Amino acid sequence: MVLLLPKCRRDADISKHKITDIMNIIEKEEFGGTLTFRELTTLAEYLHEIISSIYAGLPAMQKLRMRYFMDVI
């Protein structure tokens, strides 16, 4: 079975934050650490950037579907 995935640019910058920094913050929270306001802000910025990037790459009908489901959820 062959899985066809869309081609991704390897040099595309989705976020201004490094994924290693994001993963360190997530691990800190997961294993009982208390996050600072700055760490929470970093996670929120990363989430916003990822959502915007995904939404920008969708075709028009998918954008409509995504907006509808996101508002319902």
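**Close-up views of helix 1 and helix 2**

**View 1. Helix 1 passes helix 2 in a left-handed crossing.** Left-handed means that the near helix is turned anticlockwise from the far one by less than a right angle. The model is predicted: local features need pLDDT of at least 70, side-chain atom pairs count only at pLDDT 80 or more, and totals for chains, interfaces and linings use all residues. Residue numbers start from 1 along each chain as its sequence is written, and side-chain values use heavy atoms, without hydrogens and water.

**View 2. Ile 19, Ile 22, Ile 25, Ile 26 and Lys 28 of helix 1 meet Glu 39, Thr 42, Leu 43 and Tyr 46 of helix 2.** Contact means heavy atoms within 4.5 Å. Six of the contact residues are nonpolar, one is polar and two are charged (nonpolar: Ala, Val, Leu, Ile, Met, Phe, Trp, Tyr, Cys and Pro; charged: Asp, Glu, Lys and Arg; polar: the others, Gly among them).

View 3. Helices are DSSP runs (H or I, at least four residues), numbered from the N terminus.

**View 4. Glu 45 forms a salt bridge with Lys 16.** The closest N and O atoms are 4.0 Å apart. A salt bridge needs a side-chain nitrogen of Lys or Arg within 4 Å of a carboxyl oxygen of Asp or Glu. Glu 45 lies in helix 2 and Lys 16 in the segment before helix 1, 29 residues apart. The structure holds two salt bridges.

Notes
Helix = DSSP H or I, 4+ residues; strand = E, 2+ residues; numbered from the N terminus.
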